[in-house]
Amino acid sequence: YVMKKVSYKSTSDDVVLAGTLSLPKGDGPFPAVLLLSGSGPQDRDSNIFGHKPFLLLAHELTQSGIAVLRFDERGVGESGGRTSEMTMVTQRGDAQAGINYLLSNHQINNTKVGLLGHSLGGILAPKLAIENDIDFLVLLAAPGVNGDVMMLKQRKDLLILRGATDKQIDGTNEMLASLYSELRKSSLEGEALKSELKKKLAIKYQTTIPEKELNEMVNSIVNNLELMAILKSSPANYFQKVSCPVLALNGSKDFQVSAKENLAAIDKALSDGANTEVETHELEGLNHIFQDSDTGDILEYQLIEQTLSPVVLKLISEWISKIVK
């Protein structure tokens with residue numbers, strides 16, 4: 001197959017993004033998929049601990065006759081901009097630019113363009129699908145429950161995995177639940193939001209937690225724009241409006257986006273919206289980045305030789321091939 005270096009301008013500002021378009025042999029036009037990575041600055045290969053899952057996905061899918069576009073996020077690799085500019089708004093604009101590039105490319109069949117989103121990319125994917133009449137969605141460890149619920153569950157599961165007791169976890173999780181609840185209800189931003197949260201938490205926890213500790217916690221959360229977007233997210237609102245075919249996969253040992261709760265929430269929201277072309281799978285033994293894993297702990301990622309389970313690669317390539325026939 002052919003790999004082409006490409007570039008295009010974000011729809012949210014003037015940042016130029018760089019990527020790779022993989023095209024099957026032949027003249028086309030080909031069905032295509034845009035890859036959307038998880039949280040944190042990512043290059044086009046979604047490089048993590050030396051693994052390059054998006055490079056492997058692109059290889060498998062292009063060999064199956066599907067064109068693949070993957071890109072360096074802003075401030076990473078050959079893309080312009082700064083990683084500090086990354087918010088859900090700019091990421092949405094960056095992804096939109098990739099969709100526009102595919103739709104305008106004469107080698108791409110613009111009636112068979114899909115999105116594949118991993119983790120945070122799985123929050124963006126349904127929003128973009130609704131706005132662009134996307135033809136199919138592949139969701140890898142995508143959140144289905146509200147962001148605050150997912151983050152509390154993630155924290156609890158990881159601490160249990162590392163030996164903490166329910167009692168140790170529940171005390172701090174109760175405080176975080178209170179903070180997240182206030183955060184989701186508030187319409188304020190920045191310093192005004194910090195001030196409001198600090199006042200409310202001080203009233204509730206002034207006898208149990210030092211003020212300095214509470215203030216530091218509020219500052220660290222509100223200053224993290226990506227985390228704020230996740231905490232405020234309500235994926236069901238978007239999934240209910242998605243009408244295209246959807247494949248959703250999670251690993252049973254995913255302790256970042258737990259399989260049972262999130263797959264069930266995605267399935268329910270799609271069903272509530274009368275979408276019947278839905279396939280979900282909880283894949284036994286796989287972690288958040290879809291490696292065969294002993295425990296699922298993040299610390300294992302770099303110790304595992306495998307980049308992606310062959311089960312996942314086969315499921316995705318066969319499902320997309322069937323959808324775009």
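Helices α5 and α6 cross in a right-handed way, meaning that the near helix is turned clockwise from the far one by less than a right angle. This is a predicted model, where local features need pLDDT of at least 70 and side-chain atom pairs count only at pLDDT 80 or more, while totals for chains, interfaces and linings use all residues. Residues are numbered from 1 along each chain as its sequence is written, and side-chain values use heavy atoms, leaving out hydrogens and water.

The axes of α5 and α6 lie 10 Å apart, at an angle of about 145°; axes are lines fitted to C-alpha atoms over the stretch in contact, and angles run from 0 to 180 degrees between N-to-C directions. Helices here are DSSP runs (H or I, at least four residues), numbered from the N terminus. Here is who meets whom, with contact meaning heavy atoms within 4.5 Å:

| Helix | Range | Residues in the contact |
|---|---|---|
| α5 | residues 166-185 | Glu 174, Met 175, Ser 178, Leu 179, Glu 182, Leu 183 |
| α6 | residues 190-205 | Leu 197, Lys 200, Leu 201, Lys 204, Tyr 205 |

Now to α7 (residues 211-222). Its buried residues (under 20% relative accessible area, 1.4 Å probe, protein chains only) are Leu 214, Asn 215, Met 217, Val 218, Ile 221 and Val 222. They fall within an arc of 160° seen down the axis of α7, so they line one face of the helix; the arc is that of the directions from the helix axis to the C-beta atoms. Their cover includes α5, α6 and α8 (225-231).

Finally, Asp 157 sits in helix α4 (residues 147-161) and is buried, at 13% relative accessible area.

Methods:
Helices (H or I, at least four residues) and strands (E, at least two) are DSSP runs, numbered from the N terminus. Buried means under 20% relative accessible area, exposed over 50%, partly exposed in between (1.4 Å probe, protein chains only). The expected span of a helix is 1.5 Å times one less than its number of residues.
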